[in-house]
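Here are my notes for you on this model. Have it open beside you and go through the points one at a time.

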Amino acid sequence: MNRLLSTSRRLPVAVSRFSTQAVQQGNKKGLNAPNSIKNVGASANTYLQSISKFPRNRLGVMDPSHEKESCGVGLVAQLHMKPSRDIVEDANEMLVRMSHRGGCGCEPNSGDGAGMLVGMPHDFNVKIAQDMGIALPGKGEYGVGMMFIDKDPAIQAMQRKLIERAAKDHKLGILGWREVPVDNSDLGSTSLGTEPLTQQVFVSNDGGYSARDFERELYRLQKVTTSEALADDALRDSFYICSMSTQTVTYKGQLTPAQVFPYFKDLLDNDFVSHMALVHSRFSTNTFPSWDRAQPIRMMCHNGEINTLRGNKNWMQSRGGLIDSPYFKDDTASLLPATSDNMSDSGNFDSTLEMMVKAGDRPIPEAVMMMIPEAWQDNDSLSESKKAFYKYNSCIMEPWDGPAMVAFTDGRYIGATLDRNGLRPSRYYVTYDDRVLLSSEIGVLPDLNDNEVKIKARLEPGKMFLVDFNTAEVVDDEAIKEQMAANAPYGEWIEDNLVDLESWVADAKPAVDNFNFDE
């Protein structure tokens, strides 16, 4: 079976796409997903349009399956998870100073997209919820969904009903809805023409799930309602979930970097604080800008291109019937498809990453290592344990090769990785007051003095920069990768299960000695 999500770390039944190797069968503990996967996949390829001018099918030289981006990316965090207004304002400063990395339309006030992902602003949420007569539980005990929905009240009601029904089905409660206040006075006609209504939904843990399982149920709520909306002609054109989590919330749109703060009035509130933020300025390469394609997405943002995208999407689609989640079990099919021709390369990456982390049992650094491996083949400087990790996982996940730099977070970790091509470099800083900064270029925080900086370095090809909030430290690339490689005896599994076809053929004895084909 495919071990993309499963807790079983036996080798799957597969043939490696990278060498003449066959993989013998390991333990089968999973299931084949039912035929409903095909129906879900068909509906997912019909995508949003009323919040986007994006064509669903090929239009001239524009092909939705070639959707790629090249952008500005940054992150800022406080190692000890101390929320502050400074983190949010530094993130905005970083974003605005990368405006030249974003695109805009023929009118300069319609951007290709920009946004900010922050840690859950609990105190701010409590304040605004009280104003609405909602009593929020403690931090981490409720989820927040940030959504784009239709401006038509009748369709809004149907879209909210979709969320409420699915939440009830999975023992989640709806504490209330909130229209996110915005100021669109500075938006150009292109952005205004597809502007959605931005709503937040507060979700309670009525099922008494653990913190980890509550996050998974919110993920299921996001996936199930998105699939249902996309299958409904009345709902699909104006329904998109920007984020659905207990840990993070994403503010984004078809904006320029300078418009993000003034557009979302929440971000201007001095009570809006965070311990971390990801920011992104989008330059859509050979693509159409849209509200839903803005970044950060749900777990990451991306600078560069995924040039193996067609193969990545094909393999994710082909293994759909084998994907098995140890948590969702028979309901795994409701999480599919993970990829679509109507998402950008970044959107497909984020969707796959989110499935591996939230439906599976992998920590986000391990999932990122699988998707963006360093150059491990014929690399004598790599330890045997890391080579075994990459070799084993190459049978399960193909590399999403760029050039690409990806910044990511799941709430516990925040970090970035540069693919092995190394063509989208970035710089990072660690300060004496335990702030961490990383961006696509230097100079994004001009007020940062050299005497405040403890560590200054660049992200190297194939390397990972990682902050672990649980330990309040920047984890060395070698340390985190050796830790992930030590999670299982990958070397033993390869030795016991992996068969090289060339060696196997060479060692095999012919059934008939000296057979004469001329007779």
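1. Let's begin with helix H2 and what it hides. Its buried residues are Arg85, Ile87, Val88, Asp90, Ala91, Asn92, Met94 and Leu95. Buried means under 20% relative accessible area, with a 1.4 Å probe and protein chains only. Helices (H or I, at least four residues) are DSSP runs numbered from the N terminus, and so are strands (E, at least two). By the way, this is a predicted model: local features need pLDDT of at least 70, side-chain atom pairs count only at pLDDT 80 or more, and totals for chains, interfaces and linings use all residues. Residues are numbered from 1 along each chain as its sequence is written, and side-chain values use heavy atoms, leaving out hydrogens and water.

2. What covers those buried residues of H2? The cover includes strands E4 (72-78), E5 (114-119), E11 (276-281) and E17 (435-439), along with helices H7 (260-263) and H8 (265-268).

3. Now check the length of H2, residues 85-96. With 12 residues at 1.5 Å a residue, the helix should span 16 Å, and its end C-alpha atoms are 17 Å apart, which agrees. The expected span is 1.5 Å times one less than the number of residues.

4. Helix H12 (residues 384-393) is mostly covered too, with 7 of its 10 residues buried. Those are Lys386, Lys387, Ala388, Phe389, Tyr390, Tyr392 and Asn393. They pack against helices H11 (364-371), H13 (477-485) and H14 (490-497).

5. Next, the largest nonpolar core: it has 95 residues, and Phe349, Leu353 and Met355 have the most contacts inside it. Such a core is a set of buried Ala, Val, Leu, Ile, Met, Phe, Trp, Tyr and Cys residues joined through side-chain atoms within 4.5 Å. Not counting residues up to four places away in sequence, Phe349 touches Met300, Ile306, Met371, Ile372, Trp400 and Val406. A second, separate core of 22 residues includes Ile414, Ala416, Val430 and Val467.

6. Leaving aside neighbours within four places in sequence, Asp468 is in contact (heavy atoms within 4.5 Å) with Arg412, Tyr413, Glu473 and Val475.

Conventions
Buried means under 20% relative accessible area, exposed over 50%, partly exposed in between (1.4 Å probe, protein chains only).
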